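Here is a briefing on one protein chain. Look over the sequence and the fold, then read the points below.

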Amino acid sequence: MLADALHANQSSLETGRLQTLFEKQRQAFQAAPSPSAEDRLQWLEALHDLLASHQRPIIEAISEDFGNRAADETRLAEIMPSLHGIRHAKRHLRRWMAPSRRKVGLAFQPASARVVYQPLGVVGIIVPWNYPLYLAIGPMIGALAAGNRIMLKMSEATPVTGALLRDLLAQIFPESQVAVILGDVDTAVAFSQLPFDHLLFTGSTSVGRQVMRAAAEHLTPVTLELGGKSPAIVSADVPLADAAERIAFGKTLNAGQTCVAPDYVLVPRPRVDAFVEAYGKAVRRFYPKLEDNPDYTAIINRRQHARLQAYLDDARAKGARVLPLHEQGQQRRMPPHVLLEVNDDMQVMQDEIFGPLLPVVPYDGIDQALAYVNARPRPLALYYFGYDKTEQRRVLRHTHSGGVCLNDTLLHVAQDDLPFGGIGPSGMGHYHGHDGFLTFSKAKGVFVKQRFNAARLIYPPYGKTLQKLVYMLFVR
């Protein structure tokens, strides 16, 4: 009771601080609207050094929030891509900031044109619980590189990590530059209603709709990273050991609590049994046991664990064959499962799973597999396993998704030079690398003329001979 009261009080305090912090950042931006390359590089360098020197407390905080998060998963999936992303931005920042020259049509000469990239102002970032470091730092990199002020809303499901990140960032940034907001759902709602210059949200599609409605009140542009049901397609001739191992890695990393985890797998009907066997072998090789295994991550909290258990119960009740690959572990360590004979009436085939449950859907011919994918909402990621280049091109041409891996899972997210973002119900907008810099910048077109003004030829009064000559040359 006391803990709940204290939590509610903290949320109320955080909500009350929002407008004050926002105004402080807006005033600071107006006082210094064009940070130099040197300033931005200094911000990025400080952020890099902070993360590199505090790896152990970050790992421990995230593990405490999860009830157990594999230390290597935090290093590989959160700390490493954060550090790589910062180094990539530092390496390319001056080129990104440089004005880009554009062509001027002959009819408008003599003149020049260029695009200059300006900071937007105050950027809001709403961070989910599944990767609380990387999904805070990743957008921050682009926003800082573009010269903005930042307000971060951390998830209430990861309070230890949120508090640590708040304290760490306060060591290198004043609140007028970067402010971390804690608090519950009410705080998040109030946060999304602030008149940001850009708002980035990572989370579920249903909440994404609410965030977009709130942002629309101020015409705030949004980037939404929403996930969805990302399919994996196993071809008719790929070695099953290759495909199963890579799918198993993507599905069991962070116990499947990853927005781009393979949600279900399409397998040629004659290969289903062999795939299930190969997948089970790969999972057991990664995790010979669950009990007392520090390598296997727990489900974040009891509510999420109950949700996944309800998917299993619903699938069994509606006729699915549910195959657990381990005994139930303690402390919310949910075993990986394979689900066979699934259908669209099952919740597990309707909602993003976000856990270690893998439905297997048989198909007869690649056209049927592509039709199955295309009949459903466009996913954040799509994975195809097959070494035939003709079929690879066919899959790429005939499907839509936020991103694609051919013969792998997840790792496209870690490529700093690739845009990351969804499409349709899986999101809108992009960030990472140069695309993040562009998302958090205003690309302002600038048209320049000097003393001589050829445009006088088309000024009124109309009907002059020179005007008719202009029409003959350029209006045709």
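**Overall build**

The protein chain holds 15 helices and 16 strands. Helices (H or I, at least four residues) and strands (E, at least two) are DSSP runs, numbered from the N terminus. The radius of gyration is 26 Å, close to the 23 Å that the globule rule gives for 476 residues, so the chain is as compact as a globular protein of that length. That radius is taken over C-alpha atoms, and the globule rule is 2.2 Å times the number of residues to the power 0.38.

This is a predicted model: local features need pLDDT of at least 70, side-chain atom pairs count only at pLDDT 80 or more, and totals for chains, interfaces and linings use all residues. Residues are numbered from 1 along each chain as its sequence is written, and side-chain values use heavy atoms, with hydrogens and water left out.

**Dimensions, surface and charge**

- Along the principal axes, the C-alpha atoms fill a box of roughly 85 × 60 × 35 Å.
- Of the 476 residues, 52% count as buried. Buried means under 20% relative accessible area, exposed over 50%, and partly exposed in between (1.4 Å probe, protein chains only).
- The accessible surface comes to about 21,800 Å², and carbon and sulfur atoms hold 56% of it. Areas come from the Shrake-Rupley method with a 1.4 Å probe; for residues, only the protein chains shown count as cover.
- Take contacts between residues at least 6 apart in sequence: 73% join residues at least 24 apart. Contact means heavy atoms within 4.5 Å.
- The chain has 52 positive and 46 negative charges, and their mean positions are 12 Å apart. Lys and Arg count as positive, Asp and Glu as negative; His and the chain ends are not counted. Each charge is placed at NZ of Lys, CZ of Arg, CG of Asp or CD of Glu.

**Nonpolar cores**

- The largest nonpolar core has 84 residues. Such a core is a set of buried Ala, Val, Leu, Ile, Met, Phe, Trp, Tyr and Cys residues joined through side-chain atoms within 4.5 Å.
- Met140, Leu152, Leu169, Phe275 and Tyr279 have the most contacts inside this core.
- Helix α5 (residues 134-145) gives the most to this core, with 9 residues.
- Beyond four places in sequence, Met140 touches Leu47, Ile125, Ile150, Leu152, Leu169, Phe173 and Val178.
- A second, separate core has 32 residues, including Tyr311, Met334, Met346 and Val395.
- In soluble globular proteins, nonpolar side chains tend to be buried together.

**A buried loop residue: Gln257**

- Gln257 sits in the loop between α9 (240-252) and β9 (264-268).
- Gln257 has 0% relative accessibility, so it counts as buried.
- Leaving aside neighbours within four places in sequence, its contacts include Phe66, Trp129, Tyr131, Ile299, Phe354 and Gly355.
- Gln257 and Asn293 are 36 residues apart along the chain, with C-alpha atoms separated by 18 Å.

**Backbone features**

- A cis peptide bond joins Gln109 and Pro110, with omega about -5°. Pro110 lies in the loop between β1 (100-102) and β2 (112-119).
- The bond from Pro460 to Pro461 is also cis, with omega near 0°. Pro461 is in the loop between β16 (441-448) and α15 (465-474).
- Asn407, not a glycine, has a positive phi near 65°. Asn407 lies in the loop between β14 (403-406) and β15 (427-428), and is buried at 11% relative accessible area.
- His432 also has a positive phi, about 90°, although it is not a glycine. His432 is in the loop between β15 and α14 (433-439), and is buried at 8% relative accessible area.
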